[in-house]
Amino acid sequence: MSLTLRSVAYRYAGSKRAVLEAVDLTVERGSVLGIVGANEAGKSTLCLVAAGLAPATIGGRLDGEVLIDGATSAAARPYELAQRCGILFQNPTTQLSGTTATVWEEVAFGPRNLGLLLEEIVERVGWALSLLDIAALAGRDPARLSGGQAQLVALASVLAMRPSYLVLDEPTSQLDPHGTQLAGEALARLAASSEVGILLVEHKTDLLESLAERVAVLSAGRVVAIGGASEVLHDERLDGWGVDPPSRVRLERAAQRAGVVLPAAVR
Amino acid sequence: MSLTGGVPDFVLPPPTGPYRRLNPTTKLLIAVAEALIAFGVRGWTGPLLVLAAVAASALRAGVGRSLLPFLVATIPLVASILLVNTFLYAGATDRIVVIGPLAPTWTGLSFAVQATLRVVAFAMSAAVLGLTTAPDELVADLERRGMGRRTAFVLGATVRSVPRIIERVREITEAQRARGLDTEGRIWRRVRGLVPLAGPLIFGALTDVEEQTMALEARGFSAPSRRAVIRALPDSTAQRGLRWALTAGTLVLLVGSITGLLGFVP
Amino acid sequence: MTTLAAQSLGFVYPDGTTALDGVNLQVGSGESVGIIGQNGSGKSTLIRHFNGLLRATSGRVLIDGRDVTGRHVAELARSIAITFQNPDRQIFAGRIRSEVAFGPHNLGVRGTDLEARIAAALEAVGLSQRAAANPYDLGFSQRKLLALASVIAMQTPVVILDEPTTGQDARGIGRVREIIGGLVDGGRTVLVTSHDMRFVAETVARVIVLREGRVLLDGPPHEVYDEPAWPLLASTHLDPPWAARVGARLGMGSTPTEESLVAALAGRS
């Protein structure tokens, strides 16, 4: 049971340049795959392709296969894809519907669209809110939340669609430190207590190290490294790929260059 | 969280208070009927009837005082209607007074006052609707009656998008002023500033559309099924009867006015 | 000479929220200052007082000793240029060099002087090769650098950067650090707001921490990120940089940056 990209290449509509090429990736249920890379390496495009928005909603040309639990995404409608794989973007405010008066209704937006009965809607909203520990926000106006809170509400709305997989495109990049903390804790809780398979794109490699079991590096549209999180995040070539290694790794390298031995407590 | 049928009470709370607690579609229909009668029925009866109805609703809902700003807002339009028609009504010969080239006429004045009443009646009717009906409840009720989800979305999003647009304009203006764009100096300089202000606004709007579309699709917006009603706002047989009577009555008045059958109407 | 000064600066929004509550600070010429704090702490509000976009509701703001009251934003832009977080809220020109020309052109710069400034600014941000390209051919990181270039070209004595690191990758952040270094070396005063504690520790000489519209801490990184200050930082949900935490754990004293930590370790061994 996995979200698999097989030999995936993608071009945006009207463009000759392949933004992604020969991408092979797998996200298992119940695990977290981290994605790192410089800006414009194709990470956001990867998210759109994995979730099926590209090409189903935004067009463009996809070569290769995207399979979710064995079923190809190619022929699926956007609303079917949304129930297989959810996606969360960087900007907390633009992905909220902008039409609801309360967080409860915002999280109910997706299930309602699917034509579910009221009981099922109520159940899903309650589940999503409590999974992320934001039940206290249920009565608040989505437009008046802090960035971190809005991001959690957006995440709850996506989870309410009950996808088997979740793609997160730099979810903390627009958040302040407190918001990042909230989001990080929510993601940890999500990874630990649900069977959702998560693809997490992040620049904050420290955060990624604590959440992901495996990490893939994207450079100029290709996967240039993939493996266990520690192994990949220790790779010497990260700097060359435009990726900031985790703090500990940076410190080790700096110490090495200065000819200093690091105390065991840090290693 | 206190719930009713599983749904928290703060979600689409039914409005309370006289007039406000009427079903939103009823309130909408009243406003539409008033608008049609105010402009569509010849003579004084139309506008006077509507003004009376509006006054009654306003008093009942307790929004009388809140209508004042709206009334004040109509003054520029009303003033120009009065001036133009009193002084320039074509073909009128019953002059009130002659001051040099100016010759206001009684016919012109009468027409002007009638036109003013129509405008004011319509404006006050719309104001009462706005003051007694939350957009959310209206959209929710219309959707329950069969309005499509796309129309519901456009209506809901438009209302809420205004603050967002205002915020966006502020951000753009600040960024350009911080680079020396003069918005406080001479007028001709300010006009030149339109491109740096409009450019990012338009481009931002286009980008937004794409992001918004993706966000909607990611929440299954294009699924074919009917959407469940979260909360049905109260309606009653009496109100249904009122809506039918109102529709029929408005039609009669309009047809009567157009065909001239309502001869008794002054 | 004190370039910027806020004296008991207070600002209350029309809806009644207090964004700034008695802020006192002075920034001297050539300083590099980082302003940190959660969203809602008053960072954005504070910097907007320096170029007149917002006007104090109490207290005053002085630029080079003169009160800003009554001076237009366009005039103050000669002394203080600010670039904001989202480049797409300001980019409007069809070509990169035209975008960079906008600021100095508004200040009355023309001819060869203008060309020289544009070239220098594009050089500083690494976009010299793309001068004739359309800004939207650039990715987001580079558009942020373009926005930065357009402000550098104004050659104002004071440059304020609002969240230049948000949404940037490692290379972009490195480039911003170099740019700030270059500006300070050139004698300009730089203020920068950021959520990236490590970036702030490694880039500026002075850190101001805001909480609920007030200055909580004000000093060099090795003081503001030192252990005694941690409870204050925690009170506004801020963590000191990782290097500072490790240094404290190892008893190395105050080591706000990795460089200082390594140096301390080298010194000990």
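Predicted model: local features only at pLDDT ≥ 70, side-chain atom pairs only at ≥ 80, totals over all residues.
Asp64(C) belongs to the loop between strand S4 (58-63) and strand S5 (66-67) of chain C, and it is partly exposed, with 13 other C-beta atoms within 10 Å.

A further backbone feature of chain A is the cis peptide bond from Ala54(A) to Pro55(A), for which omega is near 0°.

As a whole, chain A contains ten helices and ten strands, and its C-alpha trace spans about 65 × 45 × 30 Å along the principal axes. The radius of gyration of chain A is 19 Å, which agrees with the value near 18 Å that a compact globule of 267 residues would have. Of the 267 residues in chain A, 55% are buried, and among the contacts that join residues at least 6 apart in sequence, 68% link residues at least 24 apart.

In chain B, helix H6 (residues 135-144) packs with helix H7 (residues 149-177) at an angle of about 175°, the two axes being 10 Å apart. Since angles over 145 degrees count as roughly antiparallel, H6(B) and H7(B) are therefore roughly antiparallel to each other. Pro135(B), Val139(B) and Glu143(B) make the contact from H6(B), while H7(B) contributes Arg149(B), Ala152(B), Leu155(B), Gly156(B) and Val159(B). By residue class, this contact of H6(B) with H7(B) divides into five nonpolar, one polar and two charged residues.

Between chains, the contact of chain C with chain A takes 25 residues from chain C and 26 residues from chain A. On the side of chain C that touches chain A, the elements giving two or more residues are helix H5 (140-152), helix H6 (170-185), helix H10 (242-249) and helix H11 (258-268) of chain C, and H11(C) gives the most, with five residues. The residues on this side of chain C divide into ten nonpolar, ten polar and five charged.

Note on methods: Residues numbered from 1 in each chain as written. Chains lettered and ligands numbered in written order. Contact = placed C-beta atoms within 7 Å. Helix = DSSP H or I, 4+ residues; strand = E, 2+ residues; numbered from the N terminus. Nonpolar A, V, L, I, M, F, W, Y, C, P; charged D, E, K, R; others polar. Rg over C-alpha atoms; globule rule 2.2 N^0.38 Å. Buried ≥ 20, exposed ≤ 12 C-beta atoms within 10 Å, placed from the backbone. Axes fitted to C-alpha atoms, helices over the stretch in contact; angles between N-to-C directions. Parallel < 35°, antiparallel > 145°, perpendicular 65-115°, else oblique.
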